[in-house]
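Biologist: I would like to learn how to read the boundary between two parts of a protein chain. Could you take me through it slowly?

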Amino acid sequence: MSGDFLALAQPGVQQLSPYVPGKPVDELARELDIDPASIVKLASNENPLGASPKALAAIREELAELTRYPDGNGFALKTLLADQCRVELNQVTLGNGSNDILELVARAYLAPGLNAVFSEHAFAVYPIVTQAVGATAKVIPAKDWGHDLSAMLAAIDADTRVMFIANPNNPTGTWFGAEALDEFLQDVPEHVLVVLDEAYIEYAEGSDLPDGLDYLAAYPNLLVSRTFSKAYGLAALRVGYGLSTAVVADVLNRVRQPFNVNSLALAAACAALQDAEYLAESRRLNDAGMQQLEAGFRELGLSWIPSRGNFICVDLGRVAAPVFQGLLREGVIVRPVANYGMPNHLRITIGLPTENSRFLEALTKVMARG
Ligand SMILES: *Cc1c(COP(=O)(O)O)cnc(C)c1O
């Protein structure tokens, strides 16, 4: 007799559904039997600029060392990050994407009987890492699509070990200001590790978003996670980092895989971090594209959730799934967010001006069909 290996999985895992990524370009190209180059993908908050030439050069150079294990301590990258983020080397944890950092936190601090608190419409990886280790996810209803920080505080109990908060949040793009963050951190009990997920923070520079790094010294229960996947344009390489006290970093380093960040990613991240021009261009392109999409939505009479990320959620005023399908037939991939409890919205990543236009034209066409 064979075992029921779904029923044998631990209960938290049985209740999970796999993460649904943006539809790959090649998959749609096969389905429609069209040239992949004619498809516009605005579905995974990827940087439309293409990678930094400096990062590409660093990768080429690193190829000569492919037979060797990477530097498991990521010394060069940690040194640059520590310098740029005004922390000590031993406060930096490197991850195979910042998703890895989220998972390390869960593995180190969560277990059956313990819980993590996060918001409704928050990043889909929070429940995955929480339930994967048998802990309970406490999902707090959102307020105006964003985090209800006081309700999240009220949900903390003796078994809460972790809070995941994203600023800005994905998929909603919503954010909170410095005053709200400060008040929140003051009120979080000392036994709760606050993971401040700043995957999009580079896009928000100069805005009303607080810089999580400014709070690290005052709050030993704070971990700031960041990534090279978005504004730095290296999503394929999988590299992110956490900044925390040295104690928390030491704990995370105990549970991570010895070589969790590969050598090409380490080299590229070092180069990308020093390419200020690329980052500035990413920001400029994003600001312009955000305005372009907002103007397009206005013209179509659609409302949207104001966003500080490199994406925006538009409210179609009706179930979005058929519109998503219609856009696919026009060769445009965006992201349905029904699985985030937002059946009437679509999330669109800011693309190049021509990609944004292609999307807006396709949306106009599909919406006109009714
Ligand atoms: C994209 C994203 C990340 C980054 O994921 P990586 O693993 O670094 O590619 C983390 N958090 C949120 C909220 C995101 O949207």
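Modeller: The chain is divided into domain 1 (21-50 + 277-369) and domain 2 (53-274), with bounds that come from an automatic or database domain assignment. This is a predicted model, in which local features need pLDDT of at least 70 and side-chain atom pairs count only at pLDDT 80 or more, while totals for chains, interfaces and linings use all residues. Residues are numbered from 1 along each chain as its sequence is written, and side-chain values use heavy atoms, with hydrogens and water left out.

Biologist: How many residues of domain 1 are in contact with domain 2?

Modeller: Contact means heavy atoms within 4.5 Å, and here 22 residues of domain 1 are in contact with 25 residues of domain 2.

Biologist: What is the area buried between domain 1 and domain 2?

Modeller: Buried area is the accessible area (1.4 Å probe) that two parts lose on being put together, summed over both. Between these domains it is about 2100 Å², of which carbon and sulfur atoms give 62%. Of the area that domain 1 buries against domain 2, Arg283, Arg308 and Tyr340 supply 35%, more than any other three residues.

Biologist: How many salt bridges are there between domain 1 and domain 2?

Modeller: A salt bridge is a side-chain nitrogen of Lys or Arg within 4 Å of a carboxyl oxygen of Asp or Glu, and the count between domain 1 and domain 2 is 2. The side chains of Arg283 and Glu205 also meet in a salt bridge (3.4 Å, N to O).
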